[in-house]
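Here is my note on the model, as numbered points. Please keep the structure open while you read.

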Amino acid sequence: MSLTEFAPVSPARRRTDRIMRGLLMAGTAVALIPLILVLYYLIYRGASSLNGAFFTTDPTGNFFGNQGGVRSAILGSLEIVGLASLIAIPIGIGVALYLTEYGKQARFANVVRYFVDVMTGVPSIVFGLFVYIVLVTSHVGGDFTGWKGSVALSLLMLPVVVRASEVVLLLVPSGLREAALALGAPRWRVVSRVVLPTALPGLLTGSLLAVARGMGETAPLLFTVSVAFGATADLGAQMNTLPVQIYNDISSPNSALNNRAWGAALTLVLLILIVNLVARAVARRSRMA
Amino acid sequence: MIPPETHTHDPISHDTNSHRSGEPTTVSATGRPPEEERDRPDVSALGVREGAGHAVDVAGLHAYYGDQHAIRGIDLTFPANEVTAIIGPSGCGKSTMVRCINRMHEEIPGARAEGSVKLDDLDIYGPGVDVTSVRRMIGMVFQKPNPFPTMSIFDNVAAGLKLTGVKRDNLRESVHRALRAVGLWGEVKNRLSEPGTGLSGGQQQRLCIARTIAVEPEVILMDEPCSALDPIATLRVEELIDELKERYTIVIVTHNMQQAARVANSTVFMLDGEVVEHAPTSQVFTNPRDERTERYVTGKFG
Amino acid sequence: MASSATTVPGGRSRFERSPVSRLPDRVLRWGLTALAAAILVLLGYFFIRLIGESATTFNTFGLSFVFGNDWDVSRSIYHGFPLLFGTIVTSVIALIIGVPVAISAALFVTELCPPRLRGPLTILVDLLAAVPSVVYGLWGVFVLEPKLLPAEKWFASTFSFIPFLGGGTPTLPNYFVAGLILAIMILPIVSAIAREVMATVPAEHKEAALALGATRWEMIRMAVLPYSRPGITGGAMLGLGRALGETIAVVLVIGNAPVIGSHLFNQGYSLAAVIANEFSEAAATPVHRSALFAAGLVLFVLTLIVNVIARWFIARGQHGQRGTGGTGVTVVALPAGEN
């Protein structure tokens with residue numbers, strides 16, 4: 001007796017399959033809608049503020065009249081994040097080197113790894129509080145200063161650098177290390193001449209991602225740098241930063257300041273996107289997978 | 001000699017002497033464990049089957065991985081209720097061809113197949129055919145035993161049945177029959193709710209076979225089902241295949257020529273995506289027609 | 001002693017390195033070890049200092065700080081349950097909205113979408129993490145709040161019979177808007193972890209399901225989701241940790257009212273928001289300042305616990321893979337801002 005038809009698949013099953021697949025696609029679209037909306041409004045409300053004066057004048061702190069641009073905020077952000085990077089990146093790569101070259105799977109190394117991971121979950125405001133307690137209330141080197149903000153940001157950026165760097169360093173083929181060691185090179189030379197150069201693009205990518213993260217933070221700066229108007233480039237004094245500037249302008253009842261907030265926000269997002277793009281470009285040029 | 005334990009095959013009884021480990025460790029003079037200690041596969045436990053078996057007819061089959069032409073025009077018939085073995089060197093396309101029969105080949109991104117594969121008169125590559133339906137009727141056992149890790153032994157066997165909304169009581173019945181059929185019932189009946197991955201390799205593979213036959217396919221495809229198993233487990237699976245052919249049409253890919261000689265009615269020798277020879281097994285191994293076949297089976301290459 | 005094939009003058013074996021040449025290695029090794037240890041010490045030190053600064057508050061108010069309902073700056077009473085309440089409510093809303101969407105996106109990208117769309121879609125979802133929280137706050141205040149208000153009013157009046165969800169008069173800033181923005185902010189991290197976990201489902205399980213005659217969705221339900229469950233749970237908990245600690249976006253859209261809101265669209269407060277909001281005015285008042293530090297301590301401990309549980313789940317979801325030591329799942333593109 002020959003077969004005349006295939007085993008039936010109930011319409012209910014077919015329907016469920018179609019519905020669920022549709023739902024999953026819809027869910028993905030829903031995930032993307034906020035991104036599109038945020039970018040749209042940033043451009044729509046912020047683009048009009050972006051003119052020469054915006055970038056070349058400092059906020060005046062005036063409520064009425066000329067409120068000024070955001071120059072000091074941009075410069076302040078660049079300086080403070082720059083200093084934070086100088087602190088966090090070398091230390092972060094150093095810790096990652098310890099984990100991959102020396103500690104490996106030892107108990108202590110695993111403890112360090114665990115705590116670095118836990119650090120990524122600590123709210124940034126808590127880091128701000130830490131630095132406030134230790135550095136600001138003790139009036140070490142002034143009250144609110146730019147460099148204390150850098151310290152707070154570096155605490156935030158550190159775990160990002162460590163984790164990203166560890167991943168990259170682990171990707172360096174152990175065969176390379178072994179070849180160098182077999183040639184009689186001491187470990188520190190293997191690290192500096194073989195491991196680091198090979199991993200460099202990846203390390204750079206990880207560091208840039210940490211920088212992008214640091215640029216967007218507000219809360220830690222509130223307690224360490226506070227806010228200042230006018231033109232200060234002195235890390236030893238109170239400084240202005242883009243996130244804090246935006247934060248203050250949002251709360252203002254003056255709609256001109258609100259508009260300035262949109263312009264500043266667009267600037268900030270553009271800066272972060274540029275850093276992200278550079279990070280990706282660097283990653284693509286990496287010699288390892 | 002220690003007297004063998006007696007098993008009752010009554011599914012209701014709770015036999016406290018049931019085996020804990022997978023394969024029995026005592027071996028008698030014939031190399032097989034003493035009869036009374038093993039559960040023999042009992043395909044008749046599946047009940048009476050209506051009608052005769054069904055043959056698979058492959059015609060003009062081509063298969064591609066992207067631009068790579070892996071199967072270059074195959075015409076083959078797999079006779080009903082027989083075991084056909086497919087042998088050949090690595091990369092000759094045996095797995096690919098078999099995966100075209102249950103349309104698993106096209107699951108790989110960039111892969112496609114053309115031609116016709118008919119189950120009786122039904123072409124599985126026909127227009128509008130539901131792939132899900134095809135796979136229900138043509139089952140597959142894989143090289144590495146792959147019970148679902150998050151499911152119990154019972155749920156593993158029932159997995160395919162649950163898809164078609166079989167009722168709970170019927171489920172229990174079907175699972176019991178499938179496990180009896182593969183000869184696993186005695187070994188697992190007291191631990192049906194334990195994870196499927198807790199069994200030995202050989203038991204896991206028989207579990208996967210039980211899972212496959214629980215949905216009552218017409219054809220069973222086996223892609224090197226014993227290559228991950230030890231020799232004793234392999235023998236038990238081969239013994240099972242011998243029983244299963246009463247009920248199903250079986251195609252087995254194997255790199256082990258002795259295995260083909262042991263279980264298969266006929267054997268196909270493949271090379272570079274083409275069929276070189278298809279003949280009764282004894283002929284392929286003792287008097288092959290093609291020179292390439294002869295070279296392969298005598299071990300001169302591959 | 002004369003030198004031989006294996007010794008140099010002085011008796012040292014040729015195969016030994018001189019103590020001097022070993023110095024850089026030693027310095028490097030112990031230097032880096034000390035660096036790693038210093039981080040642990042630093043964290044511990046900060047924790048202790050934070051406890052110290054909060055001591056006044058706990059001594060004065062005890063457990064009422066956490067469970068009492070009366071946050072009144074003018075009378076110097078700091079019973080912070082409204083803060084805890086707001087933190088939890090907004091985080092729960094974030095989970096309810098964000099996790100299903102994140103899982104859907106992850107499933108779609110790993111199982112359903114055409115291969116060439118995978119990269120772009122992944123980048124787009126991850127890009128949500130690049131937007132700083134102050135920008136989300138800005139957008140929330142000027143775009144989301146006004147646009148949602150009519151819908152919120154409709155919802156509140158239509159479903160007024162449901163406690164907490166309905167009834168009451170929606171205000172512009174409220175728990176729901178805060179929760180919604182938090183959902184958007186935790187989406188990238190939950191989705192990234194879900195994606196990573198789903199990508200590790202062995203193909204053989206998916207094939208087994210398909211070979212039994214399962215539809216695509218059935219295969220996902222049989223093989224992908226059960227296998228990924230611990231990892232996804234861990235990812236959701238990491239998202240929860242993130243939502244609990246989020247400051248700036250929340251302080252801008254929650255209303256900063258120290259009350260236990262009676263309905264979803266009520267104004268409220270959160271542990272993180274109170275710190276950001278009252279910090280400048282508290283600078284001069286030690287009692288107030290200590291209360292804010294105490295709020296920070298509670299927040300810190302809360303997020304620590306959630307994170308530890310999350311990591312445990314993720315480790316369990318690795319199913320024996322030991323690729324990258326520590327957590328196994330490494331999400332390199334981390335969210336941009338937590339404030």
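The points below cover strands, a helix, backbone angles, cysteines and chain contacts.

This is a predicted model, in which local features need pLDDT of at least 70, side-chain atom pairs count only at pLDDT 80 or more, and totals for chains, interfaces and linings use all residues. Residues are numbered from 1 along each chain as its sequence is written, chains are lettered from A and ligands numbered from 1 in the order in which they are written, and side-chain values use heavy atoms, with hydrogens and water left out.

1. **Strand β3 of chain B.** Helices (H or I, at least four residues) and strands (E, at least two) are DSSP runs, numbered from the N terminus. Buried means under 20% relative accessible area, exposed over 50%, and partly exposed in between (1.4 Å probe, protein chains only). Five of the five residues of β3(B), residues 83–87, are buried, so the strand is largely enclosed by the rest of the structure. In a regular strand the side chains alternate between the two faces of the sheet. Both faces of β3(B) are covered. One side carries B:Val83, B:Ala85 and B:Ile87; the other carries B:Thr84 and B:Ile86.

2. **Neighbours of β3(B).** Two strands pair if DSSP finds at least two bridges between them. β3(B) runs parallel to β8(B), residues 249–253, and four bridges join them. B:Thr84 has B:Val251 as its bridge partner there. β3(B) also pairs with β9(B), residues 266–271, again in the parallel sense and over four bridges. In that pairing, B:Ala85 stands opposite B:Thr267.

3. **The open sheet of chain B.** Which strands form an open sheet, and in what order? There are four, in the order β2-β1-β4-β5, with antiparallel pairing. β2 and β5 (122–123) stand at the edges with a single partner strand each, so one side of each is left without a neighbour in the sheet. Strands β1(B), residues 56–65, and β4(B), residues 111–119, are antiparallel and joined by eight bridges. B:Asp57 has B:Lys118 as its bridge partner in β4(B).

4. **Helix α4 of chain B.** α4(B) spans residues 168–181 and has 14 residues. From first C-alpha to last it reaches 20 Å, close to the expected 20 Å at 1.5 Å a residue. That expected span is 1.5 Å times one less than the number of residues. Its buried residues are B:Leu171, B:Ser174, B:Val175, B:His176, B:Ala178, B:Leu179 and B:Ala181. These pack against α3 (153–163), α5 (185–188), α6 (201–214) and α7 (231–244) of chain B, where contact means heavy atoms within 4.5 Å. Just after the helix, B:Gly183 takes a positive phi of about 75 degrees.

5. Most residues other than glycine have a negative phi. B:Asn81 has a positive phi of about 55 degrees. It is found in the loop between β2 (68–78) and β3 of chain B, and at 25% relative accessibility B:Asn81 counts as partly exposed. B:Asp272 also has a positive phi, near 50 degrees. It lies in the loop between β9 and β10 (274–280) of chain B. B:Asp272 is exposed, with a relative accessible area of 56%.

6. **Cysteines.** How many disulfides are there over all chains? The count is zero, taking a disulfide as a pair of cysteine sulfur atoms within 2.5 Å. For B:Cys208, the closest cysteine sulfur is in B:Cys226, 12 Å away and too far for a bond. B:Cys208 counts as buried at 4% relative accessibility. C:Cys113 is buried, with a relative accessible area of 3%.

7. **Chain C with chain A.** 89 residues of chain C are in contact with 81 residues of chain A. Buried area is the accessible area (1.4 Å probe) that two parts lose on being put together, summed over both. Here it is about 7,700 Å², and carbon and sulfur atoms give 78% of it. The count between these chains is one salt bridge, meaning a side-chain nitrogen of Lys or Arg within 4 Å of a carboxyl oxygen of Asp or Glu. C:Glu218 and A:Arg13 form it, with the closest N and O atoms 2.8 Å apart.

8. **Chain B with chain A.** Chain B and chain A bury about 1,200 Å² between them, 67% of it on carbon and sulfur atoms. In chain B, B:Leu122, B:Ser133 and B:Met137 lose the most area to chain A, together 34% of what that side buries. The contact takes 18 residues from chain B and 11 residues from chain A. The count between chain B and chain A is one salt bridge. It joins B:Asp130 to A:Arg14, at 2.6 Å from N to O.
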